[in-house]
Amino acid sequence: MTNDIAYANRDFIPAADDYVPGWERAAAAFRHAARDRGALRTRRYGPAERQETDLFMPQGQPLGCAVFVHGGYWRAFDKSLWSHLAAGPLARGWAVAMPSYTLAPHARIGQIGAEIADAITDVAEAVEGPIALCGHSAGGQLVARMLCDPPLLAPRIAARILSCVPISPIGDLVPLMDTAMNADLRIDAEEAAAQSPARLALGAAGIRITVWVGAEERPAFLDQAAGLSQAWAGAEAGLRIDPGRHHFDVMDGLENAGSPLVEALLGGL
Ligand SMILES: N[C@@H](CC(=O)c1ccccc1NC=O)C(=O)O
């Protein structure tokens, strides 16, 4: 369909097929080490099979809770592929929550957003203090949607969100209506209007927002990132175009406590 190639990542990334096995290895090693030192708790936030969150705990009392929502066009992967990305915020003394969620076609994007809101509400009860949201690609749409009207989070939870970094987000769902994957996603005009962060008003004020994208990404992703930061210009949403990064390595900075990406998420908090 018209936009299939514009939103294909794998076909334009060198050695693209090496990334998933690499993530599997890194995530499993990190997760097992965290479990061995008693720093991993798995929490259930609802009755459906995938409604579970891995919560990685730092040494000592957490400064707050960072949440990472994974991507895969809302229809692939789960929390277990990304555990290593908790390393940066954890080393800075933050807890890190990584939820799984029901995938399309079993859930539509609006329902997945409601699941993420439930997951955030659950970890907000487990960890005191500020909340910092980040998510990659489809996960960028999901975390950005948490800031929009109509709200998905109760005011007492929303008030604790201090920062949000959508990484290579899909801010506007409309172009995805012209892709083959929409057979699974079932985005229609109504859902695109209700779930596209770039088409919604920001509900909360005072949240530090940085839209992050790799300079080597597909033009559609550079456009999506610029469009979201422009739509949210009133909130001074920053746009950071990370040199040399593409869709499969743009989030790697989360592994490093001192990276510009972790600084955008947690700096000063
Ligand atoms: N099959 C997709 C995969 C993809 O785009 C992707 C892979 C990992 C994490 C996020 C992704 N994209 C958006 O959610 C592609 O490579 O085009």
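Reader: Across which strands does helix α8 lie, and at about what angle does the helix run to β7?

Author: This is a predicted model. Helix α8 comprises residues 219-231 and lies across β6, β7 and β8. Relative to β7, residues 208-214, the helix runs at about 165°.

Reader: Which strands does helix α4 lie across, and at about what angle does that helix run to β5?

Author: Helix α4 covers residues 138-145. The strands it lies across are β3 (65-69), β5 (131-136) and β6 (161-167). Its direction relative to β5 is about 150°.

Reader: Which strands stand at the edges of the sheet?

Author: Eight strands form an open sheet with mixed pairing, in the order β1-β2-β4-β3-β5-β6-β7-β8. Two of these strands have a single partner each, so one side of each is left without a neighbour in the sheet. They are β1 (40-44) and β8 (238-242).

Reader: In what sense do β2 and β4 pair, parallel or antiparallel?

Author: Strand β2 spans residues 52-56 and β4 spans residues 95-99. L55 stands opposite A97 in β4. The two strands are joined over four bridges, and their sense is antiparallel.

Reader: What radius of gyration does the chain have?

Author: A compact globule of 269 residues would have a radius of gyration near 18 Å. The chain agrees with this, having 17 Å.

Reader: How many charged residues are in the shell around the ligand?

Author: The ligand is surrounded by A8, N9, R10, G71, G72, Y73, H136, S137 and A138. By class, three of the shell residues are nonpolar and five are polar. The number that are charged is one.

Definitions and conventions: Residues numbered from 1 in each chain as written. Predicted model: local features only at pLDDT ≥ 70, side-chain atom pairs only at ≥ 80, totals over all residues. Near = placed C-beta within 6 Å. Nonpolar A, V, L, I, M, F, W, Y, C, P; charged D, E, K, R; others polar. Rg over C-alpha atoms; globule rule 2.2 N^0.38 Å. Pairing = 2+ DSSP bridges. Contact = placed C-beta atoms within 7 Å. Axes fitted to C-alpha atoms, helices over the stretch in contact; angles between N-to-C directions.
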